[in-house]
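Trainee: I would like to take a close look at a single part of this structure, and I would be grateful for one connected explanation.

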Amino acid sequence: MTATASIQSAVPDISAEDRAARLTNAGSAWAERMDADRSKAHLTYAVEGAGAGSVATTVRAGKHSFVVDEPAALAGDDAGTSPVEYALGALVGCQVVVYRLYAQQLGIPFDDIVIRAEADLDAARLFGADESVRAGFSEVRLDIELSGPETNERYDALREAVDAHCPVLDIFQNPTPVKTTVTRA
């Protein structure tokens, strides 16, 4: 595995057995809820952001908060991760969750997982220099590194299950309607 796995954070260590139990219990609980009332599967997420500094945003998501900013080359103070890096981080984070969930569900164990995401963005659209290119990523590349006892074929089957069920991958791969309103305070 790479140095990414050693990043210091507030995430507690957990044993493989405890992780398996949590995943199994969560899956069972969700299945029971949805069997009883299908509408229980419908979730709504909300975050709020306010401008700060040069181009930064302070974001509140539930009980968590973080700063989104740009590097100096994009007029920022480099006080936080950039919006597009957060998007890639959301994709990587969701992939890790869904890999663990489906590994447990399908009985395809792995020991460790590290996912690297890399994407290309042409800033010419951002700055109004070329309206013919996308404003967002032109391509995203995921490199998933699994260590464990299974064959490549089994891990390919796991990847297919993850690709079919990862919510953030779906957001990246398919257009999502966005409704915007602007009001004056």
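Is D120 buried, partly exposed or exposed?

Mentor: D120 counts as partly exposed, because its relative accessibility is 32%, and a residue is called buried under 20% and exposed over 50%. Please keep in mind that this is a predicted model, and that what follows was computed from it.

Let us begin with the setting of this residue. The chain contains five helices and five strands, which follow one another along the sequence in the pattern α-β-β-β-α-β-α-β-α-α. Of its 185 residues, 16% count as buried, and the C-alpha trace spans about 50 × 40 × 35 Å along its principal axes.

The side chain of D120 meets the side chain of R141 in a salt bridge, with 2.8 Å from N to O. Because D120 lies in strand β4 and R141 in strand β5, this pair ties together parts that are 21 residues apart in sequence. R141, at 28% relative accessibility, is likewise counted as partly exposed. As a general point, side chains of opposite charge can pair when their charged atoms come close.

Since D143 belongs to strand β5 and R116 to strand β4, the pair ties together parts that are 27 residues apart in sequence.

For another example, consider E131 and R125, whose side chains meet in a salt bridge at 3.1 Å, N to O. Here E131 is exposed, with a relative accessible area of 53%, whereas R125 is partly exposed at 30% relative accessibility. Coming back to D120, we find that salt bridges with shared partners join E118, D120, E139 and R141 into one network. The count of salt bridges comes to eight.

Helix α2 covers residues 83–106, which makes 24 residues, and it reaches 34 Å from its first C-alpha to its last, close to the 34 Å expected at 1.5 Å a residue. Its buried residues are L88, L91, V92, C94, Q95, V98, Y99, Y102 and A103, and just after the helix G107 takes a positive phi of about 65°.

Among these buried residues, Q95 deserves a careful look. Q95 lies in helix α2, and it is buried, with a relative accessible area of 0%. Leaving aside residues up to four places away in sequence, Q95 touches I115, L142, I144, V162, D163, C166 and L169.

Key: Residues numbered from 1 in each chain as written. Predicted model: local features only at pLDDT ≥ 70, side-chain atom pairs only at ≥ 80, totals over all residues. Heavy atoms only, no water. Helix = DSSP H or I, 4+ residues; strand = E, 2+ residues; numbered from the N terminus. Expected span 1.5 Å × (residues − 1). Buried < 20%, exposed > 50% of the residue type's maximum accessible area, 1.4 Å probe, protein only. Contact = heavy atoms within 4.5 Å. Salt bridge = Lys/Arg side-chain N within 4 Å of Asp/Glu carboxyl O.
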